[in-house]
Amino acid sequence: MKLLILSASLFALFSPSLAHSGHDEQAPLSGESDWATRHVTEEHHISNFDPGAFFTLHDFDSSLSWSADEIRRMYGLDDESNKKVDEAKKAEVVRKTLELFDRDLDGVIERVEWMDGWRDGKRLEDFGLGPGHHGDDEYEYEIHHFEKYHDENTKEEDLIHPEDIEHFRKHDELEAAAERQEQLDRMPIVEQNIPQKFRRY
């Protein structure tokens with residue numbers, strides 16, 4: 001349901017695109033277009049956008065500014081596919097992006113700074129870290145695997161790719177953890193939560 005609402009919102013802002021990319025590793029992007037254009041094409045399946053819509057899409061907390069955390073998220077720096085990238089490189093991505101657009105040096109990029117920078121020809125740099133995966137697991141699975149290899153007619157027994165198996169393994173683990181927590185919540189006393197020194201044996 002969350003994916004459906006997100007998709008409807010995106011289609012209201014942008015024109016859809018059918019471009020697609022794998023998600024196992026964030027491969028460096030190629031081509032002549034700038035990183036933002038390639039990001040929305042690969043990550044959001046959008047082929048046409050304006051800078052204001054791009055800014056709003058990545059203003060994750062709706063504050064009319066991009067914080068360092070939002071820049072990290074936009075570039076997918078905390079995604080599983082970038083776990084081997086060291087913190088110094090991630091900090092460099094944030095620093096260089098702020099240097100490019102943050103005119104008043106307050107540590108955030110306000111919408112007006114972004115729009116002015118874009119109008120002046122400034123573009124987000126491609127740091128060679130891929131297209132910027134920043135959705136949750138469900139979104140990333142849907143957009144990078146299910147849409148590419150399956151459709152609405154796919155039966156459960158057809159979901160046999162390694163990505164399908166891993167995706168549903170995670171679902172099973174979450175369900176099992178929720179069931180364990182539910183059992184613990186029904187117990188009047190959870191002995192494992194009592195420190196050893198207070199237990200009577």
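**Salt bridges within helices of the predicted model**

Lys-96 and Glu-92 both belong to helix α5 (residues 87-101), where 4 residues, about one turn of the helix, lie between their positions in the count. In this predicted model, the two side chains form a salt bridge with an N to O distance of 3.1 Å. Lys-96 is partly exposed, at a relative accessible area of 30%, and Glu-92 is likewise partly exposed, at 21%.

Helix α8 (residues 162-186) contains Arg-169 and Glu-166, which are 3 residues apart and therefore separated by about one helical turn. Their side chains meet in a salt bridge of 2.5 Å, N to O. Arg-169 also forms a salt bridge with Glu-173, with the closest N and O atoms 2.1 Å apart; these two residues of helix α8 are 4 residues apart, about one turn of the helix. Relative accessible area is 35% for Arg-169 and 33% for Glu-166, while Glu-173 has a relative accessibility of 45% and counts as partly exposed.

Of the 201 residues, 35% count as buried. The protein exposes about 12,800 Å², of which carbon and sulfur atoms supply 53%. Among contacts with a separation of 6 or more, 62% involve residues 24 or more positions apart.

Methods: Residues are numbered from 1 along each chain as its sequence is written. This is a predicted model: local features need pLDDT of at least 70, side-chain atom pairs count only at pLDDT 80 or more; totals for chains, interfaces and linings use all residues. Side-chain values use heavy atoms; hydrogens and water are left out. Buried means under 20% relative accessible area, exposed over 50%, partly exposed in between (1.4 Å probe, protein chains only). Contact means heavy atoms within 4.5 Å. Accessible areas come from the Shrake-Rupley method with a 1.4 Å probe; for residues, only the protein chains shown count as cover. A salt bridge is a side-chain nitrogen of Lys or Arg within 4 Å of a carboxyl oxygen of Asp or Glu.
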